[in-house]
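Reader: I am new to this structure. Please give me a close look at one part of it, and connect that part to the rest.

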Amino acid sequence: GELPVAQLDLCGCFLGIFEWTTLCRTWERNRHLRRLVLRRTNLDADCAKEVAQLLANNRRLRLLDVSNNRLGDAGAETLAHGLAANRALTALDARQNGLTAAGG
């Protein structure tokens, strides 16, 4: 069944692509999750695809913190595609991700 968790903070948990895929598929349609903190979790451009899918499919998430990761311009662009399909998110923290003037 669905976990009735409104807030998930994984700050400092270094995740690989397998963990990102599992995490995002588990939470993408969760009706309870409102706040997701992924600060310092080793999020990079490849893993951003999974988070973008979560953003595109989760209609309840209000806050996403992906700060202090390794998204770079490519990862930020990937997240932007997920954000374009999301109407619920009201707060996004993407600081310290190696964005350049071209991508940020």
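Author: Pro4 lies in the segment before strand E1 (7-9); strands (E, at least two residues) and helices (H or I, at least four) are DSSP runs, numbered from the N terminus. This is a predicted model, in which local features need pLDDT of at least 70 and side-chain atom pairs count only at pLDDT 80 or more, while totals for chains, interfaces and linings use all residues. Residues are numbered from 1 along each chain as its sequence is written, and side-chain values use heavy atoms, with hydrogens and water left out.

Pro4 is exposed, with a relative accessible area of 66%. Exposed means over 50% relative accessible area, buried under 20%, and partly exposed in between, with a 1.4 Å probe and protein chains only. From C-alpha to C-alpha, Pro4 and Thr26 are 12 Å apart in space, and 22 residues separate them in sequence.

Next, the chain as a whole. The protein chain has 3 helices and 4 strands, and from the N terminus on its elements follow the order β-α-β-α-β-α-β. The chain has a radius of gyration of 12 Å, close to the 13 Å that the globule rule gives for 104 residues, so it is as compact as a globular protein of that length. The radius is taken over C-alpha atoms, and the globule rule is 2.2 Å times the number of residues to the power 0.38. Along the principal axes, the C-alpha atoms fill a box of roughly 40 × 25 × 20 Å. Of the 104 residues, 40% count as buried. Among contacts between residues at least 6 apart in sequence, 87% join residues at least 24 apart; a contact means heavy atoms within 4.5 Å.

The part to look at closely is the helix packing. Two packed helices are described by the angle between their axes and the distance between the axes. Here the axes are lines fitted to C-alpha atoms, for helices over the stretch in contact, and angles run from 0 to 180 degrees between N-to-C directions.

Helix H1 (residues 17-27) packs with helix H2 (residues 45-57) at an angle of about 5°, and their axes are 9 Å apart. H1 and H2 are therefore roughly parallel to each other. Angles under 35 degrees count as roughly parallel, over 145 as roughly antiparallel, 65 to 115 as roughly perpendicular and the rest as oblique. On the H1 side, Ile17, Trp20, Thr21, Cys24, Arg25 and Trp27 take part, and they meet Asp46, Cys47, Glu50, Val51, Gln53 and Leu54 in H2. The residues of this contact of H1 with H2 divide into 7 nonpolar, 2 polar and 3 charged. In this division Ala, Val, Leu, Ile, Met, Phe, Trp, Tyr, Cys and Pro count as nonpolar, Asp, Glu, Lys and Arg as charged, and the others, Gly among them, as polar.

H2 also packs with H3, at an angle of about 10° and with the axes 7 Å apart. That makes H2 roughly parallel to H3. From H2 come Ala45, Ala48, Lys49, Val51, Ala52, Leu55 and Ala56, which meet Ala74, Gly75, Thr78, Leu79, Gly82 and Leu83 in H3. By class, the contact of H2 with H3 holds 9 nonpolar, 3 polar and 1 charged residues.

Thr78 sits in helix H3 (residues 72-84). Thr78 is buried, at a relative accessible area of 19%. Leaving out residues up to four places away in sequence, Thr78 touches Ala48, Lys49 and Ala52.

The largest nonpolar core has 22 residues, and those with the most contacts inside it are Trp20, Leu23, Leu36, Leu38, Val51, Leu61 and Leu64. H1 and H2 each supply at least two residues of this core, and its largest share, 5 residues, comes from H2. Such a core is a set of buried Ala, Val, Leu, Ile, Met, Phe, Trp, Tyr and Cys residues joined through side-chain atoms within 4.5 Å. Residues up to four places away in sequence aside, Leu61 touches Leu33, Arg34, Arg35, Leu36, Leu54, Leu55, Ala88 and Leu89.

Leu63 is in strand E3 and is partly exposed, with a relative accessible area of 27%. Again without residues up to four places away in sequence, Leu63 touches Arg34, Arg35, Leu36, Val37, Leu89 and Ala91.

In the loop between strand E3 (63-65) and H3 lies Asn68, which has a positive phi of about 55° although it is not a glycine. Asn68 counts as partly exposed, at 36% relative accessibility.
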